[in-house]
Amino acid sequence: MSIPPCAVVVLISGNGSNLQALIDRQQADNFEIAAVICNEPGAYGLQRAANANIPTVVLNHREYPGREAYDQELIKRIDAVNPDLLVLAGFMRILSAGFVKHYSGRVLNIHPSLLPDYRGTNTHQRVLDAGETKHGVSVHFVTEELDGGPVVLQAVINIEPQDTKETLAKRVAEQEHRIYPEAVSWFCQGRLRMQDGAAWLDERKLPQQGIRRTPV
């Protein structure tokens, strides 16, 4: 008897390139994107979802009096789908503590740095300004601490002398599209979980930087 696919809701704000990577992998990896929710009405990621016949919901945050009110409506829309996992794919909002607690252990995010280094924004320029020799991207569980949840998987790239923030952004994005579907698949296979403030894969507690990958 076939196992029903794991239900995933993806939250986006923009172009949706990571959403596309997940769309391309969902059938092979036995998960199903049940809905895409977006806070920006004109985001191209909504078209990507429509092209794949995935239901979409637009929740414009500007139409709500504050973060808590918005997140309560977001919870209502997500719970109506009853997903196994939430995936933040360029969702450019800081989630409230109540939201994070409601879905504790069921939210993954991707961040363009080698966490715990360079949390926050403008990571590509910041690593260049600091003279770093390596950069990359991290998939992590979401907790109330911004970009502070336990890391699951990282991809590491070497910073070349000619790199700019634009070239780094492009190279890091290529690795995002490679590792994000892999981490989602692990969760949906029942191999990955968050427990006691750490990420666990195949009943093994992962180190602080998670599993590290180098470009193929």
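Are C6 and C188 buried or exposed? Both C6 and C188 are buried, where buried means under 20% relative accessible area, exposed over 50%, and partly exposed in between (1.4 Å probe, protein chains only). This is a predicted model, in which local features need pLDDT of at least 70 and side-chain atom pairs count only at pLDDT 80 or more, while totals for chains, interfaces and linings use all residues. Residues are numbered from 1 along each chain as its sequence is written, and side-chain values use heavy atoms, with hydrogens and water left out.

The two cysteines belong together. The structure holds 1 disulfide, a term for a pair of cysteine sulfur atoms within 2.5 Å. C6 and C188 form this bond, with their sulfur atoms 2.5 Å apart. The disulfide is left-handed because the torsion about its S-S bond is about -50°. The pair links distant parts of the chain: C6 lies in strand β1 (residues 6–12) and C188 in helix α6 (residues 165–188), 182 residues apart. Helices (H or I, at least four residues) and strands (E, at least two) are DSSP runs, numbered from the N terminus. Another cysteine, C38, is buried at 0% relative accessibility.

Strand β1 also meets helix α3. The buried residues of α3 pack against β1, β2 (31–38), β4 (85–88) and α4 (97–102), with contact meaning heavy atoms within 4.5 Å. These buried residues are Y70, D71, E73, L74, I75 and I78. Helix α3 (residues 67–81) has 15 residues and reaches 21 Å from its first C-alpha to its last, close to the 21 Å expected at 1.5 Å a residue; the expected span is 1.5 Å times one less than the number of residues. After α3 comes N82, with a positive phi near 60°.

The structure holds 2 aromatic pairs. Rings of Phe, Tyr and Trp (its six-membered ring) pair if their centres lie within 6.5 Å; planes under 30 degrees apart count as stacked, over 60 as edge-to-face and the rest as tilted. Y64 and Y70 are edge-to-face, at 5.3 Å centre to centre and 85° between the planes. Y64 is partly exposed, at 23% relative accessibility, whereas Y70 is buried, at 1%. The rings of F99 and Y103 have centres 5.0 Å apart and planes at 55°, so this pair is tilted. F99 is buried, with a relative accessible area of 1%, and Y103 is buried at 1%.
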